[in-house]
Amino acid sequence: MKKKLTVFFLVIIYTNSCSAQKIYKFSDTFYLKGNIKSENISFLILDYKDKNDILISDTAFIKNGEFYFTGLIREPTIASLKDNSKMTGNFTTLFLEPSIVKVNLTENNFEKAEISGSLTQNESRLLKEQKLSVYKAYNFLENEYAQLNEKNKSITDFYSKEQTTNKIENIKNQLENYSRALKEFDYFFIFKHPSSYLSSYLLRSYFSELPIDSVKMFYKNFDLTIKNSRYGKMVALEISKKQLSSLGKKAPDFKTNDFNGENISLSSFEGNSYVLLDFWASWCIPCRKSNPHLRHLYSEYHAKGFDIIGISIDNNKSEWSEAIIMDSIDIWHHILLTKDLENQTENDISTKYEIPSIPVQILIDKEGIIVAKWYGQSKENETDLEKTLSKIFE
């Protein structure tokens, strides 16, 4: 069975700079005033959700290097500020608040925007600064990883290729450790700042990676104001959905048509097979990396009562079909989560199983009970799945 992830908190000395978020008593109006150093940008676009949760895309023209936005929000809200060019990709994210927020921008360098007047943005900046040393080490290794991968393509000597491959694998393991450390900074912040809007925003972004017990622990610790915030309510909703498809629960049934146009329902496998639901897509590289391993497991255990249902979130039906044939995974059932297929909507399966990102694999026993889950693609997950099936069938 999939081992539960454990939240390990880094031993970090947090200074008073990351203090708990204050209770907001502002009006519902924000004012975003900015300056920009630019010769080519004529206007800026601000995307955010207003006080009624309606997505707003506002435009402000630049005059004498200055711009101005205003709107209605009920609480600190994440926003995206970008230029008018479709080519440059200049943008920065920031937390708007019902207050006066100021921003200084430089053309082609929006990511280093100077933002003031937002308590939540200030918390986000301080948290990012605490991660800097880990970020630097991660980026250094990431560049080395990319260079070695490129170099390895041209190596023909077996011994040299093996050495380079081992180096690549070692760096990959280090990158995973640094990535884990970066997440633990966020987990620690969420735990220590239950009255921060940033905490609810961060928790929502990590929802798919954390076990349900950890999410509930964080949420229970939140102040009432944060629980009633937009992101707090989103977390509460995700918890209720995730509990419906948590370990030990009856797997939500579904009925639809598969890759071959045949009717398929999850309940039809009860009493006969263990079923692995594999949530994937043709464009998802980590998903498709898992296919050779799944083929091996399917050939090993199918005759003993093991089935796979591939559930794809592809938008393009032909690309989905091509990927199935190319990866030689047409030996098991496949479902496409697009509304053009009869009797199928995304709400039927992906929402029931709370799948915010892919790949995700869910193992269901012969009684229709969820017994294990795996998030993401990794050697550890593949080994754990293999051990789980071996224990079941052998």
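What do the buried residues of H2 pack against? Keep that in mind while looking through the close-ups below, which all come from a predicted model.

**View 1. Helix H2 and its packing partner.**
Here we look at helix H2, which runs over residues 132-154. The buried residues of H2 pack against H3, and that settles the opening question. Buried in H2 are Val134, Leu141, Leu148 and Asn152. How far apart are the end C-alpha atoms of H2? They sit 34 Å apart, and this agrees with the 33 Å that 23 residues should span at 1.5 Å a residue.

**View 2. Serine 196 in the loop between H3 and H4.**
Now for the loop that lies between helix H3 (158-192) and helix H4 (197-205), where serine 196 is found. Is serine 196 buried or exposed? Its relative accessible area is 0%, so serine 196 counts as buried. The side chain of serine 196 also reaches out to the backbone nitrogen of leucine 198, at 3.0 Å.

**View 3. An open sheet of four strands.**
Follow the strands across this sheet and you get the order E3-E2-E5-E6, with antiparallel pairing. Strand E3 (55-61) and strand E6 (91-96) stand at the edges; each has a single partner strand, so one side of each is left without a neighbour in the sheet. On average, neighbouring strands of this sheet are turned by 25° against each other, direction ignored. As a bit of background, strands of a sheet pair through backbone hydrogen bonds, either parallel or antiparallel.

Take aspartate 47 as an example: its bridge partner in E5 is serine 80.

**View 4. The two sides of helix H10.**
Helix H10 covers residues 317-326, and Trp320, Ala323 and Ile324 are buried in it.

**View 5. What covers H10, and what follows it.**
The cover over the buried residues of H10 includes strand E11 (274-280), helix H8 (285-289), strand E12 (306-312) and strand E13 (333-336). After H10 comes serine 328, and the phi of serine 328 is positive, near 55°.

Definitions and conventions: Residues numbered from 1 in each chain as written. Predicted model: local features only at pLDDT ≥ 70, side-chain atom pairs only at ≥ 80, totals over all residues. Heavy atoms only, no water. Pairing = 2+ DSSP bridges. Axes fitted to C-alpha atoms, helices over the stretch in contact; angles between N-to-C directions. Buried < 20%, exposed > 50% of the residue type's maximum accessible area, 1.4 Å probe, protein only. Polar contact = N/O pair within 3.5 Å; in protein donor to acceptor, adjacent residues only side chain to side chain. Expected span 1.5 Å × (residues − 1). Contact = heavy atoms within 4.5 Å.
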